[in-house]
Amino acid sequence: MECTNRELLIYTISRLLSGVRHVAVGMSSPMPAAGAMLLRARNKKQGLGDVQVSILGSVKHNSFTGGSEELFDCAAQGRIDAFFLGGGQIDGKGNVNLVGAGGYPNSQVRWSGSYGSAYLYFLVPRVILFREEHSPRVLVDQVDFISAPGVSAEGVYRRGGPHALLTKAALFSFQRDIGRFRLESVHPGRSAAEIREMTGFLFDNDHCEVVTPGPDAATLALMRGQIRTELAETYPQFAASLPEAV
Amino acid sequence: MTEFVSPEAMAAMIPSGVKLGLAPDGSGSCPAMIRLLIERGIRDLHVVCTPIGGMQVDMLIGAGSVAVLETSAVSLGEAGGAPCFARAIRNGEIRMLDATCPAVFAGLSAAEKGVPFMPIRGIIGSDVLKSRSDWKITTNPFDESETIVVVSAIQPDIALIHAPEADRFGNVRLGRRREIMLLAHASKKTFVTVERISDASLLDDEKLAAGVLPAMYVTAVAEYRNAAWPTGLYAEYELDAREVETYARAARTPEGFQAYMAGTKSAA
């Protein structure tokens with residue numbers, strides 16, 4: 001079934017979330033939100049368990065009454081199964097940088113800051129690294145600043161961390177035992193050679209020939225109908241940019 | 001006793017050099033008061049963001065009012081990066097205390113409880129830790145095989161927030177914004193601007209009481225309608241996205257920032 005690149009990403013996010021019961025989505029993250037909503041809708045159709053989706057910054061789509069610290073308390077208690085992180089830089093060891101490039105503290109390029117990453121990366125079992133841009137500028141060998149480390153030494157309390165890295169061009173898994181990414185699939189129209197070229201770090205399975213699977217007709221119809229409508233409540237502009245059911 | 005004052009009088013009660021606790025944009029931010037502080041020429045602030053900052057913090061930085069900035073992030077949301085913040089970092093004009101959101105809450109919780117520090121998960125191995133002399137790695141006293149971070153208490157001298165409503169006794173309705181309640185509990189003084197002041201006590205209504213900051217924490221209240229414009233106020237009015245975009249474009253240069261501040265006053 002023909003779908004757009006963004007629809008492929010949303011569908012892939014829903015696959016990466018398979019089995020979670022509570023997923024938290026940061027502010028201004030329409031595609032992770034769409035992926036989570038798709039999982040919720042598909043689970044319901046298949047009679048699987050309910051999925052709670054908490055969208056931070058939204059009053060309607062989160063039930064926290066304990067202020068913005070409640071998310072972090074929930075994460076520390078194991079009440080959140082999945083979360084998303086982006087980052088100005090992501091390196092081959094799974095380190096993320098949301099702070100800046102070109103020196104610290106007087107970074108020549110300064111981004112917003114680490115937000116909750118230095119904490120949630122340790123505590124949420126399935127952190128999905130999501131960044132549409134796939135370039136050696138973003139996917140670097142070594143980040144300039146570690147907002148949150150990909151792996152931790154023995155003795156450091158850690159039950160969470162990177163699970164996968166999804167870009168507009170490919171899907172990687174993260175191998176926590178060796179602290180390296182593995183190419184799992186290449187999106188339609190791309191080759192492994194292109195992915196090697198576009199990636200600033202070395203990774204395993206770098207001749208991967210698996211193509212990222214897209215949604216079937218029923219799933220695509222669900223995305224273009226119900227999910228698009230649900231998404232429009234929080235992200236009207238983004239929802240309008242997605243294809244509509246005919 | 002809570003004092004009831006004008007916004008201008010409230011601005012005059014906030015001196016230069018204090019540790020100032022602020023809310024995120026849209027959750028109790030008060031750009032109109034920030035403008036009054038800037039017009040008064042306030043300097044050398046240590047700003048604590050609870051736990052992130054937006055346009056009002058960027059304005060304070062652009063005006064040269066900030067010496068130290070303690071925050072997990074500064075962003076204009078959909079309008080993009082905070083221009084005065086990025087410029088001040090590049091030029092080394094502010095001392096930056098990068099944090100992570102729950103560590104700010106942990107520090108405020110320590111101050112709220114009157115203890116010197118609070119333990120917190122995560123953070124070990126992050127470069128954020130390297131530049132924080134007020135955070136340390138220690139051993140769990142109950143399990144010596146485990147290391148854990150402790151963060152020092154954060155006690156702002158003054159918290160400055162905007163809220164939907166106060167009553168004439170000085171109680172302030174915050175609803176589910178418990179992080180603002182935490183900020184007020186942790187701070188030595190709290191100054192609140194509100195959309196309206198009601199006659200009936202907010203504590204008399206059992207349905208409201210749990211979301212009310214009691215007057216004992218509130219130093220002064222000023223009625224200041226629309227004071228959260230353009231950043232918005234939960235359950236009252238939305239973010240004025242177009243205005244924030246206008247600011248984001250203007251503030252790309254110091255001259256543009258000055259022109260914006262001189263030209264745009266308020267929507268009220």
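Trainee: What makes β2 (residues 19-22) and β3 (residues 45-49) of chain B a pair of strands, and in which sense do they run?
Mentor: This is a predicted model, and in it β2(B) and β3(B) are joined by four bridges in the parallel sense.

Trainee: What kind of crossover takes the chain from β2(B) to β3(B), and what is its handedness?
Mentor: The path leaves β2(B), passes through helix α2 (residues 31-39) of chain B and reaches β3(B), which makes a β-α-β crossover, and this crossover is right-handed. The term applies if, with the strands pointing away from the viewer, the path from the first strand over the helix to the second runs clockwise.

Trainee: Why is helix α7 (residues 178-186) of chain B called largely enclosed?
Mentor: A residue is buried if 20 or more other C-beta atoms lie within 10 Å of its own. Eight of the nine residues of α7(B) are buried, so the helix is largely enclosed by the rest of the structure. The buried ones include B:R178 and B:E179 as well as B:I180, B:M181 and B:L182, and the buried residues of α7(B) pack against β2, α5 (101-113), β9, β11 (189-198) and β12 (212-213) of chain B.

Trainee: Which element gives the largest share of the side of chain B that touches chain A?
Mentor: The contact as a whole takes 38 residues from chain B and 36 residues from chain A. On the side of chain B, α7(B) gives the largest share, with four residues. By residue class, that side divides into 15 nonpolar, 13 polar and 10 charged.

Trainee: In chain A, why is strand β8 (residues 126-130) described as largely enclosed?
Mentor: Five of the five residues of β8(A) are buried, so the strand is largely enclosed by the rest of the structure. A:R126, A:I128 and A:F130 point one way and A:V127 and A:L129 the other way, and all are buried.

Trainee: How do you know that β8(A) pairs with β3 (residues 82-85) and with β10 (residues 162-166) of chain A?
Mentor: β3(A) and β8(A) share four bridges in the parallel sense, and β8(A) is joined to β10(A), also in parallel, by four bridges. With at least two bridges required, both pairings qualify. A:I128 is the bridge partner of A:F84, while A:F130 stands opposite A:L166 in β10(A).

Trainee: What makes β5 (96-97) and β9 (139-140) of chain A edge strands?
Mentor: The open sheet of three strands has the order β5-β4-β9 in chain A, with mixed pairing, and β5(A) and β9(A) each pair on one side only. Strand β4 (residues 89-91) of chain A and β5(A) pair in the antiparallel sense over two bridges, with A:Q89 opposite A:N97.

Trainee: How far apart are the C-alpha centres of domain 1 and domain 2 of chain B?
Mentor: The domain assignment gives domain 1 (3-102 + 154-258) and domain 2 (117-152) of chain B, and their C-alpha centres lie 29 Å apart. The contact between them takes five residues from domain 1 and five residues from domain 2.

Technical notes
Residues are numbered from 1 along each chain as its sequence is written. Chains are lettered from A and ligands numbered from 1 in the order in which they are written. This is a predicted model: local features need pLDDT of at least 70, side-chain atom pairs count only at pLDDT 80 or more; totals for chains, interfaces and linings use all residues. A residue is buried if 20 or more other C-beta atoms lie within 10 Å of its own, exposed if 12 or fewer, and partly exposed in between; C-beta atoms are placed from the backbone. Two residues are in contact if their C-beta atoms, placed from the backbone, lie within 7 Å. Ala, Val, Leu, Ile, Met, Phe, Trp, Tyr, Cys and Pro count as nonpolar, Asp, Glu, Lys and Arg as charged, and the others, Gly among them, as polar. Domain bounds come from an automatic or database domain assignment.
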